[in-house]
2 protein chains.
Amino acid sequence: MKPVNEAFNDTIQRQINHKTIRAFKQIPLDKETVQALIDVARHTASSQFLQACTVISVTDPVKKQAISEVSHQPYIANNGHLFVFVLDQYRNLQIGHEQGQDENKLGSAAKFFAGFSDTVLAVQNTVNAAESLGLGTVILGSILNDAQKIIDILDLPKLTFPILGLAVGYPDQQPQLKPRLPETFMHFENSYQLPTPILPQLEDYDARVHEYYDLREANKRVDTFTNQVKRSLMTQPDARGELLHVVHQQGFLLTDKA
Amino acid sequence: MKPVNEAFNDTIQRQINHKTIRAFKQIPLDKETVQALIDVARHTASSQFLQACTVISVTDPVKKQAISEVSHQPYIANNGHLFVFVLDQYRNLQIGHEQGQDENKLGSAAKFFAGFSDTVLAVQNTVNAAESLGLGTVILGSILNDAQKIIDILDLPKLTFPILGLAVGYPDQQPQLKPRLPETFMHFENSYQLPTPILPQLEDYDARVHEYYDLREANKRVDTFTNQVKRSLMTQPDARGELLHVVHQQGFLLTDKA
């Protein structure tokens, strides 16, 4: 008997077979495709209808190169369409100011979190649209390796913040499916109840991750999941230690009661 | 001639016709459907493979009622399957600790933002899966009206944070499509360049939003977009002023250089 999910539709089949694509063919996205992706992003749900997200298409080769250096992802410099998704409360500030509204609570934690959600929802919506067209995607959390540099490159004003990059293109690789944590460890009912000790229960999963062969890093990482997690408790890349400082400089999270 | 997007596929058609559904039929989701949605959430891309998201299905009527009160959304108490998507670095802490790793930088801004993104990406992926099955969804940023209460209701440990609720069910309403900001104001090339003054350029859009008739609030809000935004500069609901304090209590964003 086939697993239950096999019975579901193409969209869901695609979603449970999602793979990050890190190599794109030398075929640019046509204008209509970019337009469709932006239309999808635009129609994503947003908190309190504030639509606190702006998308920047990065086409300038010099800027693409600079962003690829921040991300340590050389492949995004050349191929694929590069979007940067920006949390944007500046547009709302401008709309308020032009109506004579001098108060400004758009930097509060509530508004920052709402804008953060708006922005990330739009990213995943765009990913799903791209994959429905047979395109591949890589989401670049790594732009936050140096948020200030991204802000400088894209001339981002106060009350905006770069959240995620997204490169989209025609896949030039076919990676295997990366095994995900079993449901037992990430879906609970009515309250948080992680089954502990967790380590002995993750042995099978660790073995499967170890087996998993990522085309991207054939000669680099042959690792287990729990080892990766262990390292994550102590390491932190690059200028990310400055991240909160840059958030404050952009006018966000400055006071608890804003 | 039809607009370009008409030429695109069903997935994209659905996405650009996305409407929030706030009334569900008295038909529960079957187990296989919930399973499929969780499988999709599980296979969402995650930052550095840390899979920093946990989903809680809230089925206890008392807890559903309590969450609906925090959200001021009475309809979620009765119908629809209620998920709460939780940023989860606690699981990773546990995995590290059980291996004798005593350092802990999982509360840093970098890890908080990465987990925030992981979690919201999973929400939108689940939304797209649900809509592909003909289900309706409402994303509940409003659980952050009182984050501490949600933490208490769901017994969330340190290094977790509730980010968004998501109710999914069989639609019992057919709202109109809410007009979104035109692309000119939310998609730029190579740098942030909002066309200002923006207000005169939003007159048509304001008129369309004013016209827009939301079934949910037929007798409540007949408003323009720019008015809504103006109000957003000064108002803030409920306990959201305490939000950052609760984030700190959960062990996140405590130091700049963590």
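## Salt bridges

A salt bridge is a side-chain nitrogen of Lys or Arg within 4 Å of a carboxyl oxygen of Asp or Glu. In this predicted model, the side chains of A:D39 and A:R42 form one, at 3.3 Å from N to O. Both residues sit in helix α2 (residues 31–42) of chain A. They are 3 residues apart, about one turn of the helix. Side chains of opposite charge can pair when their charged atoms come close. Over all chains, the structure holds 5 salt bridges. Between chain A and chain B the count is 0.

## Basis of the model

This is a predicted model, in which local features need pLDDT of at least 70 and side-chain atom pairs count only at pLDDT 80 or more, while totals for chains, interfaces and linings use all residues. Residues are numbered from 1 along each chain as its sequence is written, chains are lettered from A and ligands numbered from 1 in the order in which they are written, and side-chain values use heavy atoms, with hydrogens and water left out.

Helices (H or I, at least four residues) and strands (E, at least two) are DSSP runs, numbered from the N terminus.

## The interface

Contact (heavy atoms within 4.5 Å) links 127 residues of chain A with 127 residues of chain B. The area buried between the chains is about 11,300 Å². Buried area is the accessible area (1.4 Å probe) that two parts lose on being put together, summed over both. Carbon and sulfur atoms give 62% of that area. In chain A, the residues that lose the most area to chain B are A:F49, A:Y192 and A:L233, together 8% of what that side buries.

Polar contacts between the chains come to 55 residue pairs, both residues at pLDDT 80 or more. Such a contact is a pair of N or O atoms within 3.5 Å; within protein, one must be able to donate a hydrogen and the other to accept it, and residues adjacent in sequence count only if both atoms are side-chain atoms. Helix α5 (residues 109–132) of chain A supplies the largest share of the side that touches chain B, with 15 residues. That side divides into 64 nonpolar, 41 polar and 22 charged residues. Here Ala, Val, Leu, Ile, Met, Phe, Trp, Tyr, Cys and Pro count as nonpolar, Asp, Glu, Lys and Arg as charged, and the others, Gly among them, as polar.

## Strands across the chains

Strand β1 (residues 53–58) of chain A pairs with strand β5 (residues 187–189) of chain B. The sense is parallel, over 3 bridges. Pairing requires at least two DSSP bridges between the strands. A:S57 stands opposite B:E189 in β5 of chain B.

## Symmetry

A rotation of 180° with 0.0 Å of shift along its axis superposes chain A on chain B, RMSD 0.0 Å. That is the relation of a two-fold axis. The same surface serves both copies, with 100% of the contact residues of chain A recurring in chain B.

## Backbone exceptions

Most residues other than glycine have a negative phi, and most peptide bonds are trans. A:T196 and A:P197 are joined by a cis peptide bond, omega about -5°. A:P197 lies in the loop between β5 and α7 (203–211) of chain A. A:H72 has a positive phi, near 55°. A:H72 belongs to the loop between α3 (61–71) and β2 (81–88) of chain A.

Terms used:
Copies are superposed by least squares on the C-alpha atoms of residues with pLDDT of at least 70 in both.
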